[in-house]
Amino acid sequence: LGLALLMYPAIFEHPVVLNGPMLKNAFFGFCTLSFLMLGYFVDRQIVIRQLRRRLACENRRLINLRQQASMDMLAALPGLDRFRDSLAMEFRRAFNSRQPLSLLAVSVMPHTKLYDQSEAAVAYGDALKTLACKLRGEDSVYHFTPGVFGAVLPGVGGSGAQSIAQRISEGLHDAAGVNSRFNFRIEITSYPSDVRTAREMEEKVRAILPAEVAAEVEATRQEMALAGE
């Protein structure tokens, strides 16, 4: 508006000559409008900065809630000991009823940019939720070690396990997102097509565990065997 007022005399055939008090009023009016415009811009910047700060705080709070929920969910899952007991029971049942039995071992590897353990826990939690949604009601899920899960599928043979693994793979691709927050690998072991004993199934699981965890599992198994003898 101030620029329009100053340019007004120059763009008409009969320019209006500004002199005396009118010229001073036009100058001070232009300065006042400029300061008002500058004050408005500063006020908007302050408001935007406050909103961004509030949004960042809300995002951090939501991330913390997701991290805590993921860690609680992972901690609530049964571990290797419960898995061994359940596998032995299900294998005995499958052997006596001559029904198949399958085991899915899912390894989740967070992207290298997820250096924070809490961010990796969120990735594990999202993968676990996908895994639980894609399984049947009678299937059971176990947490072997961070990023490694197992699912026991009673009454499912090799072809059925392949179909379930395909559904899980599609769900994990969606959970990883376009940024590929994590990679994953699914291994299938079926009785009686792949293995003949529960011990062989345990060996399949042990092969994908970290070396120190696998050694600890083997030591525990030997102790339990000696105690049984």
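Phe83 and Phe144 are both buried in this predicted model. Their rings form an aromatic pair of the edge-to-face kind, with 4.7 Å from centre to centre and 65 degrees between the planes. Phe83 belongs to helix H3 (residues 80–97) and Phe144 to strand S2 (residues 140–145), so the pair ties together parts that lie 61 residues apart in sequence. Tyr142 joins these two residues: ring pairs link Phe83, Tyr142 and Phe144 into a cluster.

The search of the whole structure gives 4 aromatic pairs. One of them is formed by Tyr40 and Phe41, with ring centres 6.0 Å apart and planes at 55 degrees. That pair is classed as tilted, because only angles over 60 degrees count as edge-to-face and those under 30 degrees as stacked. Phe41 is partly exposed, its relative accessible area being 47%.

The protein chain has 7 helices and 4 strands. Read from the N terminus, their order is α-α-α-β-α-β-β-α-β-α-α.

Contacts and surface complete the description. Among contacts in the protein chain with a separation of 6 or more, 69% are between residues 24 or more positions apart. The chain has 229 residues, and 34% of them count as buried. Its accessible surface is about 14,800 Å², and carbon and sulfur atoms account for 59% of that area.

Note on methods
Residues are numbered from 1 along each chain as its sequence is written. This is a predicted model: local features need pLDDT of at least 70, side-chain atom pairs count only at pLDDT 80 or more; totals for chains, interfaces and linings use all residues. Side-chain values use heavy atoms; hydrogens and water are left out. Helices (H or I, at least four residues) and strands (E, at least two) are DSSP runs, numbered from the N terminus. Buried means under 20% relative accessible area, exposed over 50%, partly exposed in between (1.4 Å probe, protein chains only). Contact means heavy atoms within 4.5 Å. Accessible areas come from the Shrake-Rupley method with a 1.4 Å probe; for residues, only the protein chains shown count as cover. Rings of Phe, Tyr and Trp (its six-membered ring) pair if their centres lie within 6.5 Å; planes under 30 degrees apart count as stacked, over 60 as edge-to-face and the rest as tilted.
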